[in-house]
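Please read each point with the structure open beside it.

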Amino acid sequence: MEQGASGVRLNKFLADSGFCSRREADRLITDGRVTIDGRIGVLGDKVQAGSDVRVDGQRLSGESEKIYIALNKPLGIVCTADAREPMNVIDYVRHPQRIFPIGRLDKDSTGLLLLTSDGGIVNRMLRAAGHHEKEYIVSVDRRLTPQFLEKMAAGVPILDTVTLPCKIERISDFSFRLTLTQGLNRQIRRMCMVLGYNVVTLKRVRIMNIQLGTLEPGHWRDLTESELSALFSMLSDES
């Protein structure tokens, strides 16, 4: 297929088809697993209307209806689409369409996880990860002190950096609400450990404007039109 100004970039075509995120599409293309009309695609290729695009021999049909869901992830479920992981979240949800998680939530944590078939929004949310708020309810193994709350809010040295200032609110002697704009690996658990505390339970209750609400553990729901409209508006502002 000749390259031209028209057409859709190959990685966007894969993402829009619901097959994977655009980042994963780049990896598939680089690995030589994507073909356009029988030839191996390369980064930067464009797909014209009617082209035969395949991944590992499986033909993609182009843009599909976008799926956006909120899951109350239970303990033990792993935020991966890798079928080699027996407790992967995709097999757990068993959605009829191909979906993948936006971001991660530790295996030992519970609460709100967003999943989608829209590879474009995955990229946009990951790019905005340093700005959007995520809210958690955390319980620990020791009684909270004013010093602990102050240090958590001001920033804690972990992973060769100091965490950004965050919002913290005491709920009880052993639990608190924490709002972060970072997503460092096991960040909350590491912050608590540095200050001499161990996390007992950790539940995410909000991502940006999406609330966990009364969604039961292990259940999922489609995002509402108003939630999606507000979410897309926030992402547009951040970009």
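This is a predicted model: local features need pLDDT of at least 70, side-chain atom pairs count only at pLDDT 80 or more; totals for chains, interfaces and linings use all residues.

1. Strand 7 is mostly covered, since 6 of its 6 residues are buried, where buried means under 20% relative accessible area, exposed means over 50%, and partly exposed lies in between (1.4 Å probe, protein chains only). Tyr 68, Ala 70 and Asn 72 point one way from the strand, Ile 69, Leu 71 and Lys 73 point the other way, and all of them are buried. In a regular strand the side chains alternate between the two faces of the sheet. Strands here are DSSP runs of E with at least two residues, helices are runs of H or I with at least four, and both are numbered from the N terminus.

2. Strand 7 pairs with strand 9 in the antiparallel sense over 6 bridges, two strands being paired if DSSP finds at least two bridges between them. In this pairing, Lys 73 stands opposite Gly 111 of strand 9. Strand 7 is also joined by 3 bridges to strand 17 (residues 220–222), again running antiparallel, and there Ile 69 stands opposite Asp 222.

3. Residues are numbered from 1 along each chain as its sequence is written, and side-chain values use heavy atoms, with hydrogens and water left out.

4. For the chain as a whole, the secondary structure comes to 7 helices and 17 strands, and the C-alpha trace spans about 65 × 35 × 35 Å along its principal axes. Of the 239 residues, 45% count as buried. Among contacts (heavy atoms within 4.5 Å) between residues at least 6 apart in sequence, 66% join residues at least 24 apart.

5. The largest nonpolar core has 30 residues, and those with the most contacts inside it are Val 138, Phe 148, Met 152, Phe 176, Ile 188 and Cys 192. The elements that give two or more residues to this core include strand 7, strand 9, helix 5 and helix 6. A nonpolar core is a set of buried Ala, Val, Leu, Ile, Met, Phe, Trp, Tyr and Cys residues joined through side-chain atoms within 4.5 Å. A second, separate core of 19 residues includes Ile 102, Met 125, Ile 207 and Met 208.

6. Helix 6 (residues 187–194) has as its buried residues Gln 187, Ile 188, Arg 189, Met 191 and Cys 192, and these pack against strand 10 (134–140), helix 5 (146–154), strand 11 (157–158), strand 14 (175–180) and strand 15 (199–207). Leaving aside neighbours within four places in sequence, Ile 188 is in contact with Tyr 136, Val 138, Leu 178, Leu 180, Val 199 and Leu 202. Just after the helix, Gly 196 takes a positive phi of about 90°.

7. Arg 189 deserves a separate look. With 12% relative accessibility, this residue of helix 6 counts as buried. Setting aside neighbours within four places in sequence, Arg 189 is in contact with Asp 106, Asp 108, Ser 109, Val 199 and Leu 202.

8. Thr 163, in the loop between strand 12 (161–162) and strand 13 (167–172), counts as buried at 2% relative accessibility. Not counting residues up to four places away in sequence, Thr 163 touches several residues, among them Ala 154, Ile 158, Leu 184, Gln 187 and Met 191. From Thr 163 to Gln 187, 24 residues away in sequence, the C-alpha to C-alpha distance is 8.4 Å.

9. An open sheet of 4 strands has the order 3-2-5-6, with antiparallel pairing. Strand 3 (39–40) and strand 6 (58–59) stand at its edges with a single partner strand each, so one side of each is left without a neighbour in the sheet. Strand 2 (residues 34–36) is joined to strand 3 by 2 bridges, and Thr 35 has Ile 40 as its bridge partner.

10. Asp 37, in the loop between strand 2 and strand 3, has a positive phi of about 50° although it is not a glycine, and at 43% relative accessibility Asp 37 counts as partly exposed. Arg 186, in the loop between strand 14 and helix 6, has a positive phi near 50° and counts as partly exposed at 32% relative accessibility.
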